[in-house]
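Please walk through this model with the coordinates open.

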Amino acid sequence: MSITLTPIDSVDHISREDFVNNYLNPRKPLIIRKATESWPALQKWTFEYLKETVGDQTVPLYNSAKADPSKAINASASEMRFGDYIDLIQKQPTDLRIFLFDPIKHAPKLLEDYRSPSDLMGGFLDKYPNMFFGGAGSVTFLHYDIDLAHIFHTHFNGRKHVMLFDQKWTERLYCIPFATYALEDYDIENPDFGKFPALNGIEGQEAILEHGDTLFMPTGYWHWMKYLTGSFSISLRAWDKSWAIKAKSLYNLTIQRKFDNLMKARFKKDYMDWKENLAIKRANNALAAGKP
């Protein structure tokens, strides 16, 4: 019993034509090793530089604890001065992460340090990047992004283990209803197939991201990430051309999210128990039906 993981395709450079035909249109992940070689950030964005730039900002922190059923999925566990957090992840392992941090708000000059890969595709939200920081051993739980954007995820100053899964495996991954994340009771690195049999036979892709590597994740791709060293990443987002995907993104961000938060606030654990049981039922039904 196992999950089959194959390497994510990797290139140093790629032309627009090859990228569109072989990765963007077929929705296939890719690592571009030298996409950032013209970025000032490649050399400039050290831990010390970021501390000097935005170190006094207070940032929310997230841990590996299972989500509180009474709170929104992005509710933080604690907060800390950014500079103190950077010191922490350089000194020791920790499960604390910074999620969706936008330092550009506090230091607009950082906009000059990176480049959207507009030579490969359009639709980028250039001025609204997200940054993610983690200590060695910290994990980003298995999920796909609610806005369904294409993501170019570039890693800095360390190493990160990434697993990706196509949307076709959504039910078999025990996707929580009215949400875009998986049941948090299993470890995707070492799953208990006795308790979670639908995971057996799932196929995905994996890679180790190094400093400067850019991972292209197509719209809707499930991803799990583990920081092997204290390090950080920046994600640049681009909209898909499909109006159906744009409509689904709008639904996720408005109707689905608001409904889910309302039900959590009102019914708390009872609602979450119902959702988790339904995720298990759907996974088992998908397995029995031989999906995908």
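Helix H5 has a kink of about 120 degrees, centred on Phe267; the bend at a residue is the angle between axes fitted to the seven residues ending there and the seven starting there. Helices are DSSP runs of H or I with at least four residues, strands are runs of E with at least two, and both are numbered from the N terminus. H5 covers residues 243–288, and its end C-alpha atoms are only 33 Å apart, whereas a straight helix of 46 residues would span 68 Å at 1.5 Å a residue. That expected span is 1.5 Å times one less than the number of residues.

This is a predicted model, in which local features need pLDDT of at least 70 and side-chain atom pairs count only at pLDDT 80 or more, while totals for chains, interfaces and linings use all residues. Residues are numbered from 1 along each chain as its sequence is written, and side-chain values use heavy atoms, with hydrogens and water left out.

The charged end of Lys246 sits over the ring of Trp243, 4.3 Å from its centre; the criterion is NZ of Lys or CZ of Arg within 6 Å of the ring centre and within 35 degrees of the ring normal. Just after H5, Gly290 has a positive phi of about 75 degrees.

Next come the aromatic rings. The structure contains 24 aromatic pairs, defined by ring centres of Phe, Tyr and Trp (its six-membered ring) within 6.5 Å, with planes under 30 degrees apart called stacked, over 60 edge-to-face and the rest tilted. One of these pairs, Trp45 with Tyr114, is edge-to-face, at 6.3 Å centre to centre and 65 degrees between the planes. Trp45 is in the loop between H2 (41–44) and H3 (47–54) and Tyr114 in the loop between E6 (97–101) and E7 (130–134), so the pair ties together parts 69 residues apart in sequence.

His155 lies in strand E9 (residues 150–156) and is buried, with a relative accessible area of 0%. Leaving aside neighbours within four places in sequence, His155 is in contact (heavy atoms within 4.5 Å) with residues including Tyr227, Ser231 and Phe232.

Technical notes: Buried < 20%, exposed > 50% of the residue type's maximum accessible area, 1.4 Å probe, protein only.
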